[in-house]
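Here are my notes on the model you sent over, as numbered points. Have the structure open while you go through them.

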Amino acid sequence: MKRSLFGRVWPNATAVVLCIGFVFPVYWMIATAFKATGDIVSEDPVWFPTDITLDHFKTATGADHFWTFVTNSLTVTVLAVVFSLVIALAGSFALARMRFRGRRGFIVGFMLAQMAPWEVMIIAMYMIVRDASMLNSLVPLTAFYTMMILPFTILTLRGFVAAVPAELEESAMVDGCTRMQAFRRVILPLLAPGLMATSMFGFITAWNEFALVLVLNKDAEAQTLPLWLTSFQTVFGNDWGATMAASTLFAVPILILFVFLQRRAVSGLTAGAVKG
C-alpha cells in the first residue's frame with residue numbers, strides 16, 4: 001500500500017527544518033566574520049555580506065599571545081588524545097577479552113565516570129594542582145583532559161574489540177604470534193573505525209574545554225584558544241566582527257579533522273572487513 005503524500009513529505013520537511021536550524025547559526029557566524037562593521041551594527045539585518053572584508057580576521061589573529069594560544073591548545077589536545085587512546089586500547093582489550101573478578105564493577109565505574117559532570121571536581125582539581133605548585137602549567141591540563149576523555153574512549157573501544165571474533169586472534173597465535181603480535185597485526189587494524197570515532201570525540205572535548213583552563217591557568221602564556229575568544233569583550237562592548245572571526249578560526253581545525261577522519265573511518269572499516 002502506497003503511503004499518502006503527507007506521509008512521504010513530512011519526514012523530509014522535518015529534516016530540512018532541523019538542518020536549517022542547525023546550519024543557520026554556523027552560517028551567521030561565518031557571514032558576520034566577513035561583514036563590514038557597519039553591516040554588523042546595522043538595525044536591519046544584512047543576510048548576505050556585500051562588502052566583504054578580512055579586517056576582523058586580522059584583528060583576531062593580531063590579538064596578544066594568539067600563536068601561544070594556538071600552540072598550547074594543539075599541544076594539550078593532541079597529547080590528551082594520544083594518551084587516552086594508548087591507555088584505552090589496553091583497558092578496552094582487557095575488559096572485552098579477559099575474565100577477572102571485579103570486571104563488571106570496572107565497567108560500571110567507567111559508566112558512572114562518564115555520566116558524572118566533571119565540573120563538580122573542579123575545586124578539588126584546583127587544590128591538587130595548587131598544592132603541587134603546578135598552576136599555569138600545561139601538564140595538569142593534559143592529565144585532566146586525558147581523564148575526561150578516557151571513560152568514553154574505553155567503553156567505546158571495548159565494543160569494537162568485543163565485535164572482533166576471538167577466533168581471529170587465536171588463529172594468529174596458533175600461527176606463531178604472541179598475544180601482543182596478534183593484537184597489533186589482527187585486532188588493531190580492525191579497530192580503525194573505533195579509533196577514528198573516539199579520537200574525534202576526544203579532540204573536540206579537549207579543544208573546546210574552557211572552565212578548567214580558566215581556573216588553573218591565569219597566566220596568558222599558559223592559556224588556550226577558548227580563553228582567546230573572550231579577549232574581544234571589553235568594558236566598551238563586544239567586537240562582534242572579531243569575535244565571529246575568532247570563532248570561525250576556532251572551528252576550522254575541528255572541521256578539518258572531521259573531514260579527514262570521516263574518510264579514513266570508511267576506508268578503515270572496508271579494510272577491516274577484507275582482513276577479517
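1. Aspartate 51 sits in the loop that runs between helix H2 (37–40) and H3; helices here are DSSP runs of H or I with at least four residues, strands are E runs of at least two, and both are numbered from the N terminus. With a relative accessibility of 48%, aspartate 51 counts as partly exposed (buried is under 20% relative accessible area, exposed is over 50%, partly exposed is in between, with a 1.4 Å probe and protein chains only). Leaving aside residues up to four places away in sequence, aspartate 51 touches Phe34, Lys35, Ala36 and Asp39, where contact means heavy atoms within 4.5 Å. Asparagine 238 is 187 residues from aspartate 51 in sequence and 21 Å from it in space, C-alpha to C-alpha.

2. Before you go further, some bookkeeping. This is a predicted model, so local features need pLDDT of at least 70 and side-chain atom pairs count only at pLDDT 80 or more, while totals for chains, interfaces and linings use all residues. Residues are numbered from 1 along each chain as its sequence is written, and side-chain values use heavy atoms, with hydrogens and water left out.

3. Now the loop between H6 and H7. Serine 133 is in the loop between helix H6 (122–131) and H7, and it has a positive phi of about 55° although it is not a glycine. Asparagine 136 lies in the loop between H6 and H7 as well, with a positive phi of about 60°, and is not a glycine either. Are these residues buried or exposed? Serine 133 counts as exposed, at 66% relative accessibility, whereas asparagine 136 counts as partly exposed, at 35%.

4. On to the core. The largest nonpolar core has 45 residues, and Leu191, Leu225, Trp228 and Phe232 have the most contacts inside it; such a core is a set of buried Ala, Val, Leu, Ile, Met, Phe, Trp, Tyr and Cys residues joined through side-chain atoms within 4.5 Å. The elements giving two or more residues to this core include helix H1 (5–34), helix H4 (66–97), helix H7 (138–163) and helix H13 (240–275). Which helix gives the most? That is H4, with 10 residues. Apart from this core lies another, of 16 residues, among them Trp118, Met125, Tyr145 and Leu212.

5. A look at H4 and H9. Two packed helices are described by the angle between their axes and the distance between the axes. H4 and H9 pack at about 95°, with axes 13 Å apart (axes are lines fitted to C-alpha atoms, for helices over the stretch in contact, and angles run from 0 to 180 degrees between N-to-C directions). That makes H4 roughly perpendicular to H9; under 35 degrees counts as roughly parallel, over 145 as roughly antiparallel, 65 to 115 as roughly perpendicular, and the rest as oblique. From H4 the contact uses Leu89, Phe93 and Arg97, and from H9 it uses Arg179, Phe183, Ile187 and Leu188. By class, that contact has 5 nonpolar, no polar and 2 charged residues (Ala, Val, Leu, Ile, Met, Phe, Trp, Tyr, Cys and Pro count as nonpolar, Asp, Glu, Lys and Arg as charged, and the others, Gly among them, as polar).

6. Alanine 90 is also in helix H4. At 51% relative accessibility, alanine 90 counts as exposed. Its C-alpha atom is separated by 9.7 Å from that of arginine 158, 68 residues apart along the chain.

7. H9 also packs with helix H8 (residues 166–174), at an angle of about 140° and with axes 9 Å apart, so H8 and H9 are oblique to each other. On the H8 side are Leu168, Glu169, Ala172 and Met173; they meet Arg179, Ala182, Val186, Ile187 and Leu190 in H9. The class tally for H8 with H9 is 7 nonpolar, no polar and 2 charged residues.

8. Alanine 182, in helix H9, deserves a click. It is buried, with a relative accessible area of 0%. Not counting residues up to four places away in sequence, alanine 182 touches Glu169, Ala172, Met173, Cys177 and Ile187.

9. Last, H9 and H10. Their axes are 4 Å apart at an angle of about 60°, and H9 and H10 are therefore oblique to each other. Leu188, Pro189 and Leu190 in H9 meet Ala192, Pro193 and Leu195 in H10. This contact has 6 nonpolar, no polar and no charged residues.
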